[in-house]
Amino acid sequence: MGFLKLFKRKNSSRDKVNTNVAAQEKSTNAATKTTTDFTNNNSNNYYSPNNISEPLASDSTIGNDHSNTGLSTDSLASGSTKRRSSFSLLKKPSFGTIDTSISHHTNKEIRAKRVTDLPEELMPVVTLINHQQSRVYYKGHAYFNHASNNLNNYQWTPAYVELSGSDINVQVEGNPNTFINVCDCELSFSKAENTLSISVTNESVLTFKFNTLEEVVAFYSAVLLCKFEYQQLQEAYTGALLSSQAIHFSDIKTLLSPSNKNVKEEWTVIRFPFFNDKCIRAYIVIKPNNKVEIYTSSSKAKKHLLATITNGQSAYTIYSNDPSQIQNNSLLRIYGNCYINSDLLEAVVSNDDIDSIRSKKMRSRTSSLSKRLSMTSLRSDDNSRAQNMHKRTNSNDTTLSNNSFNNSKTPKKLMKKNLTFTQLVYIIPESHASVRPVEIMLRMLIPVLNSFSLYGRPTKFISSRTDPNSLLFGLPQLPNTYYLNTKSANDLVSLNLDHSISEAWTSSDWNYVFKELLGTLMEKGWKGGAFVGDVANLNITLKNKHETPSYDPMEDFADRSSSANRSMSVPE
C-alpha cells in the first residue's frame, strides 16, 4: 500500500500502539495470548471504567485570538497539489506576554507544560481540553457510601466532595482520598432519598446522599455537565485530528468517498469496561450497514462471534493529555447497543473452554432447578392435604426463567446463547510495520462513522458549530473556555428533573437536552461561557427521544451451518 511509504523512518520499529494502555504491546506481540491486564497507574482508591489517567498537560500561556472552527471533507478529499488543513480558522495562539487571565473564577490554576509542539490545528481544542480538566464543577459536603446495594443498610460517612475536571475527589476524615472518574459512568438519581448513585462498573457503585433536594440536584447537574463537556471536547479533538492527519493519507479520496462500501477488517485489542478490566484480542469486522461484529478468530465463524454493535451514538478518540503521545494514541471509544456472548467472553477472559463454562453453568442451573422443584412439590402436597384438592402446579414455579433474549421465532438451538447488553466499548487496533498508530486508528474510525452514519458520514463531515450532528457542535470560541456555567446546567436539570425520572433518561438522553439548550443559545448569538438569562423561559426539554431500529441480536449469533437457520433473514 502506498501510504506505508509515507511514514517510513529510520527508527520506525519503535512506533508502537497506544502507550496509554501498557498491556496492548504484550497482546500485539503475542498472537496466542488472548487477554492481558489493563493496567492503571492511579492510586488504590481510584474508580474509573476506562482506567485511563495520565498527568495533565496544560500550557501556561494561552492566546485569546481564536475564532470559529470548521471541518470540511472537501479539502480532505480534494486532489489539489498543495494540501491544506480544513481547520483553517483554528489559529495557533501566540506565546509570550499573554497570561492566563481568561480562566473562569471557578477554575483552578492550570499546571504548566509546554504544548508548543502541537500541530496548529490541535492547539485551540487542546487548550479547551486542558481548561476543562482544571475546571471545578462542584464543591460541597455529602454522605458517602461504597458498601451496600440496599439504601436502608447504608453506612453513611460524612465527606467533602469536589468535582474537578473529570474526577470526583471524596475526602473522608482519617481515610485516603477516593477519586472517581465520571467520564463513562452511569448515573441513578433518587428524588425521594436525595441520593445520586454512580456506577463505574457493573459491580462498583458509589452513592452520595445529601440533606436537601437542591444540594443533590446541584451535584447531579454538575456531573452531567462535566460528562457532556468532556464528550463534546473529545469529539472536537477527533475532528481536529482527522483534519490535521487524514489530509496526508495518499488514498484519502477513496477512504472518504460516499460510494466506498468496502468491509473493514482489523485485528484489535478491545475491552468492555463495565464487565472486566481485561483486554481481549479480537478480530473486528466493520460493515457499512449499521453493524460492527467482534470475533475471537479471523475465521468469522458464528461460534467465534463475541459481540455485535449496532446503532452507534458516538465514536471518537481520546486526547492522551500528553502532546508527545498524539502519534502513538490509537484508542477508540464507541457508544452504542452492544450485545455480548457472555459465555464466550468468560471463556476468553479465563482462558477456559466455552463448553466447560456452559457445563458449569448448566450444572448450577440444574441444581437450582431441582431445589425449586422440591420446594414446589412440598408446597403442592401441603395445599392438597389442606384443601383436599388436586390441582396442577403453576408452571411459573417449575420453569427456570431464561435470561437471554427470548423470541418466539428464534430456533431452540439459539436459546443456548446467553447474551448480555452493554453500551461502551474501547477498541485499539493492532500496530502495523512502518505505520503510525494514529493513522491506523483513523483508518478504522472513518468506516465506523460511515457504518453508524455519525457526524454527517458517509456523505461528508458536518463542519457547522450550530448542527447538533457535527463533531464541533457548540465548541466555545476563545476566550470562552467552557460550554455552560454550572447555574445554567442546574436550571436545565431542575426544569427536566421530573420528566427524566418518569421517562428513565440516560446520560445520553441528557446530552441531547444539553445540545437542545446550546442550539437555542447559539441562535441568540451565544459563543460559549456563561448565559445571562432564565433557562426556564427557554422551555428546553428532550423533544425527540433517541429511538433505535428494532433488532433481534439472537439472529446474528445463529449458526448458519444449521439447516434450521438457513431460511432465516438477518435484519441489517
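Is Glu229 buried or exposed? In this predicted model, Glu229 is buried, with a relative accessible area of 2% (buried means under 20%, exposed over 50% and partly exposed in between, with a 1.4 Å probe and protein chains only). Local features need pLDDT of at least 70 and side-chain atom pairs pLDDT 80 or more, while totals for chains, interfaces and linings use all residues. Residues are numbered from 1 along each chain, and side-chain values use heavy atoms, without hydrogens and water.

The whole structure holds 12 salt bridges (a side-chain nitrogen of Lys or Arg within 4 Å of a carboxyl oxygen of Asp or Glu). One of them joins Arg135 to Glu229, with the closest N and O atoms 3.0 Å apart. Arg135 sits in the loop between α4 and β3, and Glu229 in helix α5, 94 residues apart (helices are DSSP runs of H or I with at least four residues, strands runs of E with at least two, numbered from the N terminus). Arg135 is buried too, at 4% relative accessibility.

A salt bridge also pairs Arg443 with Asp251, at 2.8 Å from N to O. Arg443 belongs to helix α10 and Asp251 to the loop between α5 and α6, so the bridge ties together parts 192 residues apart in sequence. Arg443 is buried at 8%. Asp251 is partly exposed at 23%.

Helices α5 and α10 pack at about 110°, their axes 11 Å apart (axes are lines fitted to C-alpha atoms over the stretch in contact; angles run from 0 to 180 degrees between N-to-C directions). The two helices are therefore roughly perpendicular (65 to 115 degrees).

Definitions and conventions: Parallel < 35°, antiparallel > 145°, perpendicular 65-115°, else oblique.
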